[in-house]
Amino acid sequence: MSAPSVSVSVPRSEDSLRQAFLAILPRIQTHATVSFRHVECPGKRADRIAEVIGLCWRWFRRLAERGKDATQFPMVLADFAVRAVRSGRRVCGQLKPKDVLSEVAQAKHGFTVELLPSSTCAAREKLYSIPHGQELQDRYEERLRDNMQTPIPDQVAFR
């Protein structure tokens with residue numbers, strides 16, 4: 001059983017490639033915007049959307065070089081680009097999976113990196129304006145206190 005031959009009209013010049021990509025760009029942008037709507041920081045969200053567009057353009061050109069018309073499947077192209085950006089791939093390189101500040105490492109190992117307050121002294125309004133404010137401050141100070149003695153149950157469990 002032989003597959004039917006399909007004639008694909010692939011744009012050859014750079015201008016026609018650009019025009020074809022610009023025709024599918026709104027669908028790619030919409031898909032990326034919806035996919036990254038959970039990202040709170042507007043700067044990070046815009047960066048990820050730009051990475052999706054960049055990857056789509058790169059892949060669009062590569063497919064055109066191979067003789068394939070990517071305008072026939074823009075949503076698949078966008079979806080693969082979104083998945084690639086989520087997993088840490090970028091237009092130029094990848095995020096390091098072992099770097100503590102890398103979003104990929106944080107997602108993989110389930111932790112976040114936060115700023116510590118610059119001082120343990122807190123304003124009265126901050127301590128008493130939120131429920132359990134003083135309790136949270138006390139827990140934070142307890143973690144910072146130097147403790148050279150390991151509790152006996154922990155010593156026994158370690159042995």
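Entry 1. I took a salt bridge to be a side-chain nitrogen of Lys or Arg within 4 Å of a carboxyl oxygen of Asp or Glu. The model I searched is a predicted one. With that cut-off, I looked up Arg18 and found a salt bridge to Asp15, with 3.0 Å between the closest N and O atoms. I noted that Arg18 and Asp15 both belong to helix α1 (residues 14-35), three residues apart, about one turn of the helix. An α-helix has 3.6 residues a turn, so residues three or four places apart point the same way. I recorded Arg18 as partly exposed, at 38% relative accessibility.

Entry 2. Over the whole structure, my search returned six salt bridges.

Entry 3. I turned to helix α3 (residues 74-86). Within α3, Asp79 and Arg83 are four residues apart, about one turn of the helix. Their side chains form a salt bridge, at 3.0 Å from N to O. Asp79 has 25% relative accessibility and counts as partly exposed.

Entry 4. I looked up Arg90 next and found that its side chain meets that of Glu103 in a salt bridge of 3.9 Å, N to O. This pair links distant parts of the chain, 13 residues apart: Arg90 is in the loop between α3 and α4 (103-109), and Glu103 is in helix α4. Is Arg90 buried or exposed? At 16% relative accessibility, Arg90 counts as buried, because the limit for buried is under 20%. Glu103, at 27%, is partly exposed.

Entry 5. I also checked the surface for nonpolar side chains. Phe73, Val76 and Phe80 form a nonpolar patch there, with about 260 Å² of accessible area together. Phe80 lies in α3 and is partly exposed, with a relative accessible area of 46%.

Entry 6. I examined helix α6 (residues 133-144), which has 12 residues. It reaches 17 Å from its first C-alpha to its last, close to the expected 16 Å. Its buried residues are Gly133, Gln137 and Tyr140. Viewed down the axis of α6, these fall within an arc of 60°, so they line one face of the helix.

Entry 7. Lastly, I recorded the totals. The protein has seven helices and zero strands. Of its 159 residues, 25% count as buried. The accessible surface is about 12,300 Å², and 55% of it belongs to carbon and sulfur atoms.

Definitions and conventions:
Residues are numbered from 1 along each chain as its sequence is written. This is a predicted model: local features need pLDDT of at least 70, side-chain atom pairs count only at pLDDT 80 or more; totals for chains, interfaces and linings use all residues. Side-chain values use heavy atoms; hydrogens and water are left out. Helices (H or I, at least four residues) and strands (E, at least two) are DSSP runs, numbered from the N terminus. The expected span of a helix is 1.5 Å times one less than its number of residues. Buried means under 20% relative accessible area, exposed over 50%, partly exposed in between (1.4 Å probe, protein chains only). The arc is that of the directions from the helix axis to the C-beta atoms. Accessible areas come from the Shrake-Rupley method with a 1.4 Å probe; for residues, only the protein chains shown count as cover. Patches are made of residues with over 30% relative accessible area and no salt bridge: like charges are joined within 9 Å, nonpolar side chains (Val, Leu, Ile, Met, Phe, Trp, Tyr) within 5 Å.
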